[in-house]
Amino acid sequence: MKITGFCPLIVTKDAEAVVKVFEALGFEKRHTKKDIEGGENTNYTMKDSNGHRVNIASSEVLPRDLPAISINVDNFQEAYDFFLARGFVNPRGDKVTETGSSKATLLFAPSGFAVSISEHIKD
């Protein structure tokens, strides 16, 4: 498995407010993905002039904001198996989000630490 991207991820009910905070810090939206999970979620990738990145994801199911690490990989299944073998769990069973251009899921370590793994599908 090769890591192709690594940055903080903020999962929140109020993604637009978080985006505005990072815009005030000099970050710009580089990519917005809408209509995830049947239109319920929107994800933003932001970057500043120094190359720092942050991902922000909307979610209506969490009771509070969740800080996590976003890890892009070249082989989703290999990364998924790697984390599961180390005690991470998928809180949605084996459900994985597939959008046509990516495959992703959020996993939790036994300590509660969260990572989001994703593979971008290239045609």
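Which residue just after α1 takes a positive phi? Gly26 does, with a phi of about 100°. The model is predicted; local features need pLDDT of at least 70, side-chain atom pairs count only at pLDDT 80 or more, and totals for chains, interfaces and linings use all residues. Residues are numbered from 1 along each chain as its sequence is written, and side-chain values use heavy atoms, without hydrogens or water.

Helix α1 spans residues 15-24. Helices are DSSP runs of H or I with at least four residues, numbered from the N terminus. Ala15, Val18, Val19 and Phe22 of α1 are buried (under 20% relative accessible area, 1.4 Å probe, protein chains only; exposed is over 50%). These residues lie on the same side of α1 because they cover an arc of only 105° around the axis, taken from the directions from the helix axis to the C-beta atoms. Lys20 and Ala24, on the other side, are exposed.

Four aromatic pairs were found in the whole structure. Rings of Phe, Tyr and Trp (its six-membered ring) pair if their centres lie within 6.5 Å; planes under 30 degrees apart are stacked, over 60 edge-to-face, the rest tilted. Phe22 and Phe27 pair edge-to-face, at 5.3 Å centre to centre and 90° between the planes. Phe22 has a relative accessible area of 17%, and Phe27 has 12%. Phe76 and Tyr80 are stacked, because their centres are 5.6 Å apart and their planes at 20°. Both are buried.

Ring pairs also link Phe82, Phe83 and Phe88 into a cluster. The charged end of Arg86 sits over the Phe82 ring, 3.7 Å from its centre (criterion: CZ of Arg or NZ of Lys within 6 Å of the ring centre and within 35 degrees of the ring normal).

Terms used: Helix = DSSP H or I, 4+ residues; strand = E, 2+ residues; numbered from the N terminus.
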